[in-house]
Amino acid sequence: MKRLVLAVVLSAVAVSAQAQTRYNAWSDPNAPHTAAQSAFVKELRTLVSEAEKARAADPKFLQDLKNLAAKYDVSLPSVIFSDDFSDGDFTKNPAWQVTSGKYWIEKGYGLRSIVEKASATTSQNNTSNQQQKLSKEEMIIGVLGAVLGGQTQQQGKTQQQATVTPKNDPATIQLTTPVKNAFTLKMSLSSWAEGAQFEMGPYQGNEADVGYKLVYRSGQIPALQLLRNYKSSSSVVASLSSLKLEDQKYHEIEWIRNPAGAMSVSIDGKSVLQATDNGFRDDFSGFVMKNISGDLIIKSVAMQTTP
């Protein structure tokens, strides 16, 4: 019996040794690509770019090649910037710059900005009060003008021209840092007031308004838009008719743009916008956020390159 068991074991060992010499190592298809494959993707993109410039192929075919390169490019993403404002200072590491309005750190919450929405009734009341005030002044100027020979009339006119109806300017904050054309943005945002209007996105050159913009308008249709802004024109890339974030909770916004120009926006893990646009092919110069109206708190914001 012992001899029989020993024979079976020896036979199994022999089969195992034969299998080891017969079969090669299995390659996991989900494993990271090799350096050679990464080099192939890079070379493919170079050829596609040259073909685009020379108009050597059908644009649809070139787009298919771009999508193919993006599918097999698994390069590791690199962090562009990341800030959770926990240090209480948004002017360093990274160095945000407020170009209009006001931003501050609300301890325990994040970066906050409040811009009151100007109402039509308030504007009309301000205008009516100014007109009444000017009318009384004009009566006094008319009396004095009769005595002084009209010398005060020009002074009254100057005062009337200098009267300006007050308005609420947007609060704008931006970060000057190189941003790749393919990026992934993640933001945790809370909106506390009805009628909020907020926009953000990467910009090119020295013009913070030139670039892609994700615009949220509470209570309006559409409520969310993805825009392509040039200096003298703006185009809608994608839009969402209805969205409401005014529940005083943090909402997770993710905006992804891949090397082929395909973009997707998701809120709290749900995809809400999808589009492909190559209006901007070069890298960006920075990232800007603008509070046009509303009470907004940004708990965290981060960008990284998209493979």
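Contact here means heavy atoms within 4.5 Å. The views below are taken from a predicted model.

View 1. With neighbours within four places in sequence left aside, aspartate 209 is in contact with Asn229 and Lys290. The side chains of aspartate 209 and lysine 290 are joined by a polar contact of 3.4 Å. The C-alpha atoms of aspartate 209 and valine 288 lie 8.4 Å apart, although 79 residues separate the two in sequence. Aspartate 209 counts as partly exposed because its relative accessibility is 42%.

**View 2. Phenylalanine 198 in strand β7.** Phenylalanine 198 has 4% relative accessibility and therefore counts as buried. Beyond four places in sequence, its contacts include Met187, Leu189, Leu214, Tyr216, Met289, Lys290 and Ile298. Serine 293 is 95 residues away from phenylalanine 198 in sequence, yet the C-alpha distance between them is 7.0 Å.

**View 3. The largest nonpolar core, with 47 residues.** Trp96, Met187, Phe287 and Met289 have the most contacts inside this core. Strand β14 (residues 284-305) supplies the largest share, seven residues. A separate core of seven residues includes Val41, Ala51, Leu65 and Ala69. In soluble globular proteins, nonpolar side chains tend to be buried together.

**View 4. Contacts of methionine 289.** Outside the four neighbouring places in sequence, methionine 289 is in contact with residues including Trp96, Tyr103, Leu111, Ile173, Met187 and Phe198. Glu199, Met200 and Ile298 are also among the residues in contact with methionine 289.

Terms used
Residues numbered from 1 in each chain as written. Predicted model: local features only at pLDDT ≥ 70, side-chain atom pairs only at ≥ 80, totals over all residues. Heavy atoms only, no water. Core = buried A, V, L, I, M, F, W, Y, C linked by side-chain atoms within 4.5 Å. Buried < 20%, exposed > 50% of the residue type's maximum accessible area, 1.4 Å probe, protein only. Helix = DSSP H or I, 4+ residues; strand = E, 2+ residues; numbered from the N terminus. Polar contact = N/O pair within 3.5 Å; in protein donor to acceptor, adjacent residues only side chain to side chain.
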